[in-house]
Amino acid sequence: MDNTPQPQESLAEYVKRIRTSLSLSQNDLAMKAGIHLQSLGKIERGMTTKVNSKSQRGLAIALQIPPEYLDAVVRGVSIIPSDAIKFCPHCWTPGTGVEEIWLLPRSQFCFLCGTGLRNSCVQCNEPITSLKFRFCPYCGFPYKASKDSESQSRFR
């Protein structure tokens with residue numbers, strides 16, 4: 001199932017498409033989302049083109065989609081799918097996975113230390129698509145500086 005908003009798809013069309021693909025009735029979706037059935041009906045009939053943040057969060061959870069998808073549909077902008085991975089160059093440990101919050105489209109800084117997240121190699125600027133290895137597959141540059149080089153660069 002492609003739950004990504006389609007170009008020119010309205011909020012009404014998008015919510016109804018995802019709801020029906022999940023085999024949910026309007027009543028089921030309204031209950032799961034924590035919104036009034038009449039409110040959902042207005043959304044699906046195109047009478048409501050914006051939703052407040054509480055309703056947006058509820059709908060996103062009930063429809064099993066990122067809240068950013070609903071936001072994009074409301075604003076009429078496209079979602080650009082990306083295979084790039086973002087990580088904190090300070091907190092990430094090579095050989096481990098990334099924190100899920102780093103992957104959110106709006107995430108720009110680490111929630112642990114405040115460092116800017118990195119999504120491309122600092123040497124060749126190619127997007128990072130896997131952190132299985134410590135080095136960029138294009139240029140061989142390490143994604144994270146070693147402890148020795150970090151401490152040496154502080155004293156320069």
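This is a short tour of the structure, one selection at a time.

**Whole chain**

Start with everything shown. The model is predicted. Colour the chain by pLDDT: the mean is 83, and 88% of the residues reach 70 or more. Now switch to a cartoon view. The chain has six helices and zero strands. Read along the sequence, the pattern is α-α-α-α-α-α. Of the 156 residues, 33% count as buried. The accessible surface comes to about 10,200 Å², and carbon and sulfur atoms hold 51% of it. Among contacts between residues at least 6 apart in sequence, 46% join residues at least 24 apart.

**Helix 1**

Select residues 11-21, which make up helix 1. Which residues of helix 1 are buried? They are L11, A12, Y14, V15, I18 and R19. Look at the spacing of these numbers. An α-helix has 3.6 residues a turn, so residues three or four places apart point the same way. Next, show what surrounds the helix. Its buried residues pack against helix 2, helix 3, helix 4 and helix 5. Then step just past the end of helix 1. There S23 takes a positive phi of about 55°.

**R19**

Stay in helix 1 and select R19. Is R19 buried or exposed? R19 counts as buried because its relative accessibility is 9%, and the cut-off for buried is under 20%. Show the polar atoms of its side chain. One of them lies 2.8 Å from the backbone oxygen of L24. Now display the residues around R19. Leaving out those up to four places away in sequence, R19 touches L24, S25, Q26, L29, E44 and L63.

**The largest core**

Select V15, L29, L59, I65 and L70. These residues have the most contacts inside the largest nonpolar core, which has 20 residues. Which elements give two or more residues to this core? They are helix 1, helix 2 (26-33), helix 3 (37-44), helix 4 (53-63) and helix 5 (67-75). In soluble globular proteins, nonpolar side chains tend to be buried together.

Zoom in on L59. Setting aside neighbours within four places in sequence, L59 is in contact with L29, A33, I35, L40, I43, V51 and L70.

**Another core**

Now select I85, C88, L117 and C121. They are among the twelve residues of another core, which lies apart from the largest one.

**Aromatic rings**

Show the side chains of F87, W92 and Y143. Together they form one aromatic cluster.

**T93**

Move to T93, in the loop between helix 5 and helix 6 (147-154). T93 counts as partly exposed because its relative accessibility is 46%. T93 and L131 are 38 residues apart along the chain, and 9.9 Å separates their C-alpha atoms.

**Q6**

Go back to the segment before helix 1 and select Q6. Q6 has a relative accessible area of 34%, so it is partly exposed. A polar atom of the Q6 side chain lies 2.9 Å from the backbone oxygen of T4. Q6 and S78 are 72 residues apart along the chain, with 7.5 Å between their C-alpha atoms.

**Last stop**

Finish with residues 148-156. Here pLDDT stays under 50. How many contacts beyond four places in sequence does the model have for these residues? It has two.

Definitions and conventions. Residues are numbered from 1 along each chain as its sequence is written. This is a predicted model: local features need pLDDT of at least 70, side-chain atom pairs count only at pLDDT 80 or more; totals for chains, interfaces and linings use all residues. Side-chain values use heavy atoms; hydrogens and water are left out. A nonpolar core is a set of buried Ala, Val, Leu, Ile, Met, Phe, Trp, Tyr and Cys residues joined through side-chain atoms within 4.5 Å. Buried means under 20% relative accessible area, exposed over 50%, partly exposed in between (1.4 Å probe, protein chains only). Helices (H or I, at least four residues) and strands (E, at least two) are DSSP runs, numbered from the N terminus. Contact means heavy atoms within 4.5 Å. Accessible areas come from the Shrake-Rupley method with a 1.4 Å probe; for residues, only the protein chains shown count as cover. Rings of Phe, Tyr and Trp (its six-membered ring) pair if their centres lie within 6.5 Å; planes under 30 degrees apart count as stacked, over 60 as edge-to-face and the rest as tilted. A polar contact is a pair of N or O atoms within 3.5 Å; within protein, one must be able to donate a hydrogen and the other to accept it, and residues adjacent in sequence count only if both atoms are side-chain atoms. pLDDT is the predictor's confidence in each residue, from 0 to 100.
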